[in-house]
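Here is a structure to read alongside some questions. Each question asks what a term rests on.

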Amino acid sequence: GQTIVPEEVTHYAFNSEYIIARSIQDRINKEIKFWIIDKRKGTQPVPLDSTEFYEVIQKLNLELQPRK
């Protein structure tokens, strides 16, 4: 399959419409990125920092929290 979220996914959650994930983008610097994947659209997601991620979660009214 195609890689959507690169590197190491450390937390994730999903429902019928969305997948959310937390990943370590750079193993050396431990750069953490967040992802929101809309399963209905099939578009390529972009990495978000934690502030952007939680803003979008609130805007979409998602009750998902990334879990190990």
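The questions and answers below set values against definitions. This is a predicted model, in which local features need pLDDT of at least 70 and side-chain atom pairs count only at pLDDT 80 or more, while totals for chains, interfaces and linings use all residues. Residues are numbered from 1 along each chain as its sequence is written, and side-chain values use heavy atoms, with hydrogens and water left out.

Q: What makes E1 and E2 a pair of strands?
A: Strands (E, at least two residues) and helices (H or I, at least four) are DSSP runs, numbered from the N terminus. Two strands pair if DSSP finds at least two bridges between them. E1 (residues 8-14) and E2 (residues 18-26) are joined by 6 bridges in the antiparallel sense, so they meet the definition of a pair. Among the bridge partners are Val9 and Ser23, and also Glu8 and Ile24. A hairpin of 3 residues connects E1 to E2.

Q: How do you know that E2 also pairs with E3?
A: There are 8 bridges between E2 and E3 (residues 31-38), and the two run antiparallel.

Q: Why are E1 and E3 said to stand at the edges?
A: The open sheet has 3 strands in the order E1-E2-E3, with antiparallel pairing. E1 and E3 each have a single partner strand, so one side of each has no neighbour in the sheet. On average, neighbouring strands of this sheet are turned by 20 degrees against each other, direction ignored. Helix H1 packs on the sheet and touches E2 and E3, and its direction makes about 25 degrees with that of E3. For such angles, axes are lines fitted to C-alpha atoms, for helices over the stretch in contact, and angles run from 0 to 180 degrees between N-to-C directions.

Q: Why is the meeting of Arg40 and Glu17 called a salt bridge?
A: The term requires a side-chain nitrogen of Lys or Arg within 4 Å of a carboxyl oxygen of Asp or Glu. For Arg40 and Glu17 the N to O distance is 3.7 Å, so the pair qualifies under that limit. This pair links distant parts of the chain, 23 residues apart: Arg40 lies in the loop between E3 and H1 (50-60), and Glu17 in the loop between E1 and E2.

Q: What makes Glu17, Asp38 and Arg40 one network?
A: Arg40 also forms a salt bridge with Asp38, at 3.1 Å from N to O. Salt bridges with shared partners join Glu17, Asp38 and Arg40. The whole structure has 3 salt bridges.

Q: Why is Asp38 called buried?
A: Buried means under 20% relative accessible area, exposed means over 50%, and partly exposed lies in between (1.4 Å probe, protein chains only). Asp38 has 11%, so it counts as buried. Arg40 is exposed at 52%, and Glu17 is partly exposed at 33%.

Q: How do you know that Lys33 and Glu31 make a polar contact?
A: A polar contact is a pair of N or O atoms within 3.5 Å; within protein, one must be able to donate a hydrogen and the other to accept it, and residues adjacent in sequence count only if both atoms are side-chain atoms. The side chains of Lys33 and Glu31 are 3.3 Å apart in this contact. Glu31 and Lys33 form a salt bridge as well, with their closest N and O atoms 3.3 Å apart.

Q: Which residues is Lys33 in contact with, leaving aside its neighbours within four places in sequence?
A: Contact means heavy atoms within 4.5 Å. The residues in contact with Lys33 are Ala21, Arg22, Ser23, Gln25, Pro47 and Leu48.
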